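Here is a briefing for a reader who is new to this structure. Look over the sequence and the fold, then read the points below.

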Amino acid sequence: MGAGHDHGHSHAPAGGTATAAYVGRLRVALSITLTVMLVEIVGGIVADSLALVADAAHMATDALGLGMALLAIHFANRPPTGNRTFGYARAEILAALANCLLLLGVGGYVLYEAIQRFVTPADTEGGLTIVFGAIGLVANMISLTLLMRGQKESLNVRGAFLEVAADALGSFAVIVSAAVILTTGWQAADPIASLLIGLMIVPRTFKLLRETLDVLLEAAPKDVDMTEVRTHILELDGVEDVHDLHAWTITSGMPVLSAHVVVRSDVLSAIGHEKMLHELQNCLGDHFDVEHCTFQLEPVGHAEHEAHLCH
């Protein structure tokens, strides 16, 4: 009564997810982040700069996020089992979600501490702050270069990229605030820079959080218009209807689609199930970037039979 067909064209490397191709770069970025974090902690204490400490706190979150991304890749590349038919690929998305929550926490902490610094001003050493801020900026630019390509293919790498990008902007804000303090003596520049760092963290995090939740809630991939998919299928000769049409994303670079396609019996008899399945796969493959397509071919009236069985 029905037939299934699976067709895929992967954008991930063979044997892995989209993030797996960037393990080496993630490791280098993690090493850089940890080093600069320690440098900025020391610099923040020595120069009494909240902006440096805030940037170091964000880098600590980056380091944890990068570590989780690497751990997620390890689990995501484990082979499927009888109970986990997609393996642990979804672990990457869970790591991205944890990243978002950590970023929101750090952003809130930075904003709170900046407000407290307005209430209780500190004597920030501008010259030292510039030196440590410059070290952070250079290191962040190196990490951004390493992750630039991967952030287009993996939510996990994008999360790491956005964190490092926010750090780079934060380091720039630290340098500017320190220069203001050094030239004018205006100490409020330090908590103002801290506020800017916090405000840079939060919006980007919400964007990543929305994309991550879309994957977890199995929303259709953002580049797949389900109305157009339905239209393309219905335009095939002999197709009468489409139902139970679903598209979702397992993890970055792994979109899937399934559908029950109602085909006239005379068409199936004339061309056969295999040719109809090839036409469906070619139809979607030419227009939509979907990793795996699974179709069930049904004769007219079978949907009502299925509904009767469900009741």
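**The largest cavity**

His58, Leu103, Gly159, Leu162, Glu163, Ala166, Ile201, Arg204, Thr205 and Leu208 form the lining of the largest cavity. Helices H5 and H6 are the elements that each give two or more residues to this lining. The model is a predicted one.

- The largest cavity has a volume of about 50 Å³.
- The structure holds one cavity of 30 Å³ or more.
- Sorted by class, the cavity lining has five nonpolar residues, three polar ones and two charged ones.
- Why use a probe to look for empty space? Rolling a probe the size of a water molecule over the atoms shows where such space is left.

**The largest pocket**

- The largest pocket holds about 600 Å³ of space.
- Its lining counts 23 residues. Pro221, Lys222, Asp223, Thr249 and Gly253 are the ones nearest the centre of the pocket.
- Two elements give two or more residues each to the pocket lining: helix H5, residues 155-184, and helix H6, residues 189-216.
- Which helix gives the most to this lining? H6 does, with four residues.
- By class, the pocket lining is made of nine charged, eight nonpolar and six polar residues.

**Helix H7**

- H7 covers residues 226-234. Val229, His232 and Ile233 are buried in this helix.
- Seen down the helix axis, the buried residues of H7 fall within an arc of 100°, so they line one face of the helix.
- What do these buried residues pack against? Their partners are strand S2 (239-249), strand S3 (255-263) and helix H8 (265-287).
- Aspartate 225 caps the N-terminal end of H7. One of its side-chain oxygens lies 2.9 Å from the backbone nitrogen of threonine 227.

**The whole chain**

- The chain has nine helices and four strands.
- Along the sequence, the elements follow the pattern β-α-α-α-α-α-α-α-β-β-α-β-α.
- The chain has 311 residues, and 48% of them count as buried.
- Take the contacts between residues at least 6 apart in sequence: 76% of them join residues at least 24 apart.

How values were computed. Residues are numbered from 1 along each chain as its sequence is written. This is a predicted model: local features need pLDDT of at least 70, side-chain atom pairs count only at pLDDT 80 or more; totals for chains, interfaces and linings use all residues. Side-chain values use heavy atoms; hydrogens and water are left out. On a 1 Å grid over the protein atoms alone, a cavity is a set of points where a 1.4 Å probe fits but cannot get out, and a pocket is an open set with protein on both sides within 12 Å along at least five of seven lines; lining residues have an atom within 4 Å of a point. Grid points are joined across faces, edges and corners, and a volume is the space filled by probe spheres set on the points. Ala, Val, Leu, Ile, Met, Phe, Trp, Tyr, Cys and Pro count as nonpolar, Asp, Glu, Lys and Arg as charged, and the others, Gly among them, as polar. Buried means under 20% relative accessible area, exposed over 50%, partly exposed in between (1.4 Å probe, protein chains only). The arc is that of the directions from the helix axis to the C-beta atoms. Contact means heavy atoms within 4.5 Å. A polar contact is a pair of N or O atoms within 3.5 Å; within protein, one must be able to donate a hydrogen and the other to accept it, and residues adjacent in sequence count only if both atoms are side-chain atoms.
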